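Please look at the sequence and the model below before reading on.

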Amino acid sequence: MERSEFEQMARTWREKALSTCKRYGAGQEEAEDIAQDVMLRLWQMHDELERYRSVEAIATLMAKHLLRNHQRRQPTETLDEAAIVSLSTNPHEQLEMKEDEEWLSQKLKQMPTTQRTLLYLRQVERRSHEEIASLLGIETTSVSTLLARARRTLLEEIRRRNQI
C-alpha cells in the first residue's frame, strides 16, 4: 500500500480505533494514545495491508488488545477501610464511629506509658511477645501479664462508658 492510499484510509481506521477504545471504557486521552499506537503499527505493516480483507477489523482488534494490555498494566485501586465504611453507613452512624474513635484515642492517651506502648506494639505493629520483650528489655512472661493488665484497664473503661 502506498503512502497516499494509507493517508486516505488512516482517518477511518483511527476513528474505528478511537470508538473501540471508548466502547471498552477508555477515557479520551487513553483512547487517543492507543489509536495513535494502532496507526503506528498499521503503518509499520503497510506493505502487508492489501492482503487483508478488512483493515478496519484489524484496527479494531488491535485497539481492543492494546487497551486491555494497557489496563492490565495499570495498578489496581484499593478502597481503604474508611471509604468502605463511609459508603455503607449513614451520617448518624459515621458520627457515632467518629466519637467512639476520639473517645478511645483519649483513653489510650490517659493510660500509663508502658501499657500504651505494649498495646501499640502488639495490636498495631503485630509484634510477637518475644519481640516486645526484647525491645523493652523485660521478660516474655511479663509481656503477657502487662498486656492482660492493659487490656483489662481498657475493657473496664469501655464498660463504664456503656453503662452511662
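## Helix pairs and single residues

In α2, Glu30, Ile34, Asp37, Val38, Arg41 and Leu42 meet Val55, Ile58, Ala59, Met62, Ala63, Leu66, Leu67, His70 and Gln71 of α3, where contact means heavy atoms within 4.5 Å and helices are DSSP runs (H or I, at least four residues) numbered from the N terminus. This is a predicted model, in which local features need pLDDT of at least 70 and side-chain atom pairs count only at pLDDT 80 or more, while totals for chains, interfaces and linings use all residues. Residues are numbered from 1 along each chain as its sequence is written, and side-chain values use heavy atoms, with hydrogens and water left out.

The axes of α2 and α3 lie 9 Å apart and the two helices pack at an angle of about 130°, the axes being lines fitted to C-alpha atoms over the stretch in contact and the angles running from 0 to 180 degrees between N-to-C directions. The two helices are therefore oblique to each other, given that angles under 35 degrees count as roughly parallel, over 145 as roughly antiparallel, 65 to 115 as roughly perpendicular and the rest as oblique.

A second pair is formed by α5 and α8, whose axes come within 11 Å and cross at roughly 135°. That angle makes α5 oblique to α8. Here Glu99, Asp100, Trp103, Leu104, Lys107 and Leu108 in α5 meet Leu154, Glu157, Ile158 and Arg161 in α8. The table sets the two pairs side by side.

| Helix pair | Axes | Angle |
|---|---|---|
| α2 and α3 | 9 Å apart | about 130° |
| α5 and α8 | within 11 Å | roughly 135° |

Helix α6 covers residues 113–124, and its 12 residues should span 16 Å at 1.5 Å a residue, which agrees with the 15 Å between its end C-alpha atoms; the expected span is 1.5 Å times one less than the number of residues. Its buried residues are Gln115, Leu118, Leu119 and Leu121, where buried means under 20% relative accessible area, exposed over 50% and partly exposed in between (1.4 Å probe, protein chains only). These four cover an arc of only 165° around the axis, which puts them on the same side of α6, the arc being that of the directions from the helix axis to the C-beta atoms. On the other side of α6, Thr113 and Val124 are exposed. The buried residues of α6 pack against α5 (91–110), α7 (129–136) and α8 (140–163).

Which residues does alanine 150 touch, not counting those up to four places away in sequence? They are Met111, Gln115 and Leu119. Alanine 150 is found in helix α8, and its relative accessible area of 0% means that alanine 150 is buried. Its C-alpha atom is separated by 13 Å from that of leucine 104, 46 residues apart along the chain.

Two further residues lie in loops. Arginine 126, in the loop between α6 and α7, has a phi near 55°, a positive value in a residue other than glycine. Most residues other than glycine have a negative phi. At 62% relative accessibility, arginine 126 counts as exposed. Histidine 46 is found in the loop between α2 (28–44) and α3 (55–73), and histidine 46 is buried, with a relative accessible area of 15%. Leaving aside residues up to four places away in sequence, histidine 46 touches Met1 and Phe6.
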